[in-house]
Amino acid sequence: MQIKVVIGTIAFMLVMVILGVAALFEPARLGETTDAFVGRQVEKGAVLFHENCAECHGAEGKAIDCVDFAGEEKSCVGLPLNHAPLLCGEPSQRLQQVGWQSSKANYVSQTVAAGRPGTLMPTWSQDFGGPMEDYQIDQVTAFVLNWGEDPELCGEEAIVEAVDWPDSWEDLPQGDAANGPGLYQINGCAGCHGDPDNPGSAAVGPHLGNIGNVAATRVPGISAEQYIYESILNPNAFIVPECPSGPCAEPSVMRADYGFVLSEQDMADLIAYYLTLTSAP
Amino acid sequence: MWTALASLLLVVGSLWFYSAPLESQANPLVTPLHVVAPWYLAWSQGWLKLADKVFIAFIFIPALAVAFFVMPYIEVGKSRRYADRRVGLSVAMLFIAFMLISNWMGSPEYRVESSPDQEVFQELLPQEGHSVILSVPYEDLEIGTFEPGQEVAGNPALTDALREFEAAMNRHSCNLESDQWRDDCKPITGNDGTVTQYANNFTKDAMPDAEAVLIVEPEQHDMKRITLQIQSESPEGPVSTNTLAFRHLDAGYEED
């Protein structure tokens, strides 16, 4: 009888000791499991991104090198997501620009879930008629935000101060039009203004295939270069009357953060590129 | 004493010998390949292989449930002696034997085979559960293109995974011309005499002259993209398939 009591007491004490030791390591174990869960969220988000989003945003999320379902090259109509102004800082530059009061994760997940009315960005959540479950929206969000964890994108060395823009385009450096197509894609211009060589491709903003000819005639007394320069920096400076789907919206729906995104050289290159677009009407 | 010892056994077992797998959220629109019924329903999965699935699922199993309900009204004898209920107990023994075989038939060993390329993908990169490729530590999953069975110098974990890749390919492939490593292709012909598929010693559907590669590329700063590519011949001509997976630094597949 006594031996049973002794064995039972020892076993009970062992259970207590083991549970105590396990409790010491429990926070670390939970941390590892949480990290694993988040890591797998990112992995599953990557699968969803490549299946659904890469066609418009590019496989690297930079709005370049887009291919359609058949593997043919196509114009990227989505905005860049692997992009410092969207992902770096809390709040990031984009969130400050739009006056977003909640978190960056919430901004991305809400945009994925509900889409962007008036643009080609569709709704993805089943709550808004899309195909994805809520947890899949969270997975895509985790994947997009994971680009922001890259020190090369958001590290201290990567942060670029916004340019103090001069009043006149003439104070910009010499522009190189050859860099224009890349800048046009990576900054998401194609998402609204379409492919400059394809007049029917503009979805939201005016098509820019002939901007090199018409820019000088838009506003009396303002040169083509100055018109383009001011339109990029301040989308509400001049609003053209006709957009692809009717009268252009006032105020403009164009992103107003290019002053934070572009360097002076980028701006000069884009202006030089736009002036070469004189073919399509 | 027994309560304390049982508690000790359960605590030690759950802390060091069991780990709940971190699986995907359930999605009714996605059915992973080779779903396995929980152990207590394996018999019903075995039955599905016996006859038409609609008949088994909607008529036979409900009828069995009804049979259990009416059984007390059929066997009404008061005696519990075996001699007095030979038929009933014999039927029960036969039923138990039938259930044991049904459970065995419902085990993954007798699953319905998919196409050979999908079976290779499933063995190496399953949608759920332990994965040969993903369980290679993140640092050892070198960027590059690797062939099945390739020996990667100074990297035993990746070398082991590539050996398993080769074994999976050998199980599901055959060679149209004799080869010392893989089985020869055995043509299976249809009613009109044309070859419909090839078999080997392991499976009835094997990939002729199959070649495969494992490609590991950077995806994000802390995540790699893994592509498995298989090219093979078929009676209709060359076919190429691939599957895509990702491996995050923190995903912890080594623990699975």
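Two rings of Phe, Tyr or Trp (for Trp, the six-membered ring) form an aromatic pair if their centres lie within 6.5 Å; the pair is stacked with planes under 30 degrees apart, edge-to-face over 60, and tilted for the rest. By this rule, there are 15 aromatic pairs over all chains.

The model is predicted, so local features need pLDDT of at least 70 and side-chain atom pairs pLDDT 80 or more, while totals for chains, interfaces and linings use all residues. Residues are numbered from 1 along each chain as its sequence is written, chains are lettered from A in the order in which they are written, and side-chain values use heavy atoms, without hydrogens and water.

Select A:Y273 and A:Y274. Their rings make a tilted pair, 5.9 Å centre to centre with 35 degrees between the planes. A:Y273 has 10% relative accessibility and A:Y274 has 6%; each counts as buried (under 20% relative accessible area with a 1.4 Å probe, protein chains only; exposed is over 50%, partly exposed in between).

Go to B:W43 and B:W47. This pair is edge-to-face, at 5.0 Å centre to centre and 75 degrees between the planes. The two residues are four apart in helix α2 (residues 42-47) of chain B, so about one helical turn separates them. Helices here are DSSP runs of H or I, at least four residues, numbered from the N terminus. B:W43 is buried at 16%, and B:W47 is buried at 0%.

Last, select B:K224 and B:Y138. The charged end of B:K224 sits over the ring of B:Y138, 4.2 Å from its centre (the rule: NZ of Lys or CZ of Arg within 6 Å of the ring centre and within 35 degrees of the ring normal).
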